[in-house]
Amino acid sequence: MKDYNIYTTIIKTPILNMFTASYKNELILFIPYEKDYCEKRIEKFKKILGASSIIRDDNKFDKLKIELNEYFNKKQFFFTIPLKFIGTLFQIKCWKVLQEIPYGKTISYKEEAKNIGNEKAYRAVANANGKNNFSIIVPCHRVIAKDGKIGGYTGGIWIKEFLLNLENIKKDKYEFNSTSDENNK
């Protein structure tokens with residue numbers, strides 16, 4: 001019998017609790033846990049996927065927990081968890097480019113836009129990155145403004161700075177700025 005359920009759990013990481021969901025053995029969501037927001041998001045995904053139920057199951061995410069632990073202990077530099085991208089074609093294109101940014105490296109929003117074939121779409125790229133369904137795993141934290149400012153990050157800029165520091169991306173490569181300025185993309 002086919003399993004059409006969405007499985008969820010909350011995974012504690014060194015930075016914060018992350019809401020996690022999978023469907024048909026593919027991760028569909030890994031974002032900072034905010035109860036109301038996550039519940040709305042997962043209900044929307046249930047409709048999009050035609051899923052039967054949403055079931056909390058902490059045991060479905062053992063491999064992800066191992067990979068996250070290794071990432072935060074600087075033993076793993078990319079994730080092997082299968083992902084199911086849910087978004088617009090443009091968003092998915094942006095998110096796939098993010099996966100190509102090597103651990104410990106950064107690119108600008110403009111470079112990311114160039115990598116998807118539209119150098120002038122850097123604001124749209126920044127917007128797509130903000131809707132990334134896979135915080136940390138699809139590394140939008142590795143995208144900074146062209147002028148070196150850190151830019152924005154869903155859940156808080158402090159998370160982006162933490163992840164950049166974790167990956168030994170030196171502060172001289174970016175400038176911490178708590179206000180994101182669209183003109184700096």
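**From the strands to the cores of a predicted model**

In β3, tyrosine 23 has glutamate 26 as its bridge partner. Helices (H or I, at least four residues) and strands (E, at least two) are DSSP runs, numbered from the N terminus, and two strands pair if DSSP finds at least two bridges between them. The model is a predicted one, in which local features need pLDDT of at least 70 and side-chain atom pairs count only at pLDDT 80 or more, while totals for chains, interfaces and linings use all residues. Residues are numbered from 1 along each chain as its sequence is written, and side-chain values use heavy atoms, with hydrogens and water left out.

Strand β2 (residues 17-23) pairs with β3 in the antiparallel sense over six bridges. Within this pairing, leucine 29 in β3 is the bridge partner of alanine 21. The two strands form a hairpin with two residues between them, and lysine 24 in the turn has a positive phi of about 50 degrees. On its other pairing, β2 meets β1, again in the antiparallel sense, over seven bridges. Here methionine 18 in β2 is the bridge partner of isoleucine 11, and a hairpin of four residues joins β1 to β2.

How far are these strands covered? Buried means under 20% relative accessible area, exposed over 50%, and partly exposed in between (1.4 Å probe, protein chains only). Six of the seven residues of β2 are buried, so this strand is largely enclosed by the rest of the structure. β3 is mostly covered, with six of its seven residues buried. In strand β1 lies threonine 8, which counts as buried because its relative accessibility is 6%. Contact means heavy atoms within 4.5 Å. Leaving aside neighbours within four places in sequence, threonine 8 is in contact with several residues, including Phe19, Thr20, Ala21, Ile42 and Phe61.

The next topic is the nonpolar interior. A nonpolar core is a set of buried Ala, Val, Leu, Ile, Met, Phe, Trp, Tyr and Cys residues joined through side-chain atoms within 4.5 Å. The largest such core has 33 residues, and those with the most contacts inside it are Leu27, Phe30, Leu64 and Ile136. Two or more residues come to this core from each of β1 (6-12), β3 (26-32), α2 (62-72), α3 (89-98) and α6 (157-166). The largest share, four residues, is given by α2. A second, separate core of 13 residues includes Ile6, Ile28, Cys38 and Leu49.

Proline 82 is found in the loop between α2 and α3 and counts as partly exposed because its relative accessibility is 41%. Beyond four places in sequence, proline 82 is in contact with Asn25, Glu26 and Leu27. The C-alpha atoms of proline 82 and leucine 64 are separated by 9.9 Å, and the two residues stand 18 residues apart along the chain.

The buried residues of helix α3 are Gln91, Ile92, Cys94, Trp95, Val97 and Leu98. They pack against α4 (109-115), α5 and β6. Histidine 141 is found in the loop between α5 (122-130) and β6 (143-144). Histidine 141 counts as buried because its relative accessibility is 0%. A polar contact is a pair of N or O atoms within 3.5 Å; within protein, one must be able to donate a hydrogen and the other to accept it, and residues adjacent in sequence count only if both atoms are side-chain atoms. The side chain of histidine 141 makes such a contact with the side chain of glutamate 167 (2.8 Å).

The structure holds zero disulfides, a disulfide being a pair of cysteine sulfur atoms within 2.5 Å. The sulfur of cysteine 94 is 11 Å from the closest cysteine sulfur, in cysteine 140, and therefore too far for a bond. For cysteine 38, the closest cysteine sulfur is likewise in cysteine 140, at 15 Å, too far for a bond.

Confidence is the last topic. pLDDT is the predictor's confidence in each residue, from 0 to 100. The protein averages a pLDDT of 91, and 91% of the residues score at least 70. Among the elements, β1 has the highest mean pLDDT (98) and α6 the lowest (93). Over residues 177-185 pLDDT stays under 50.
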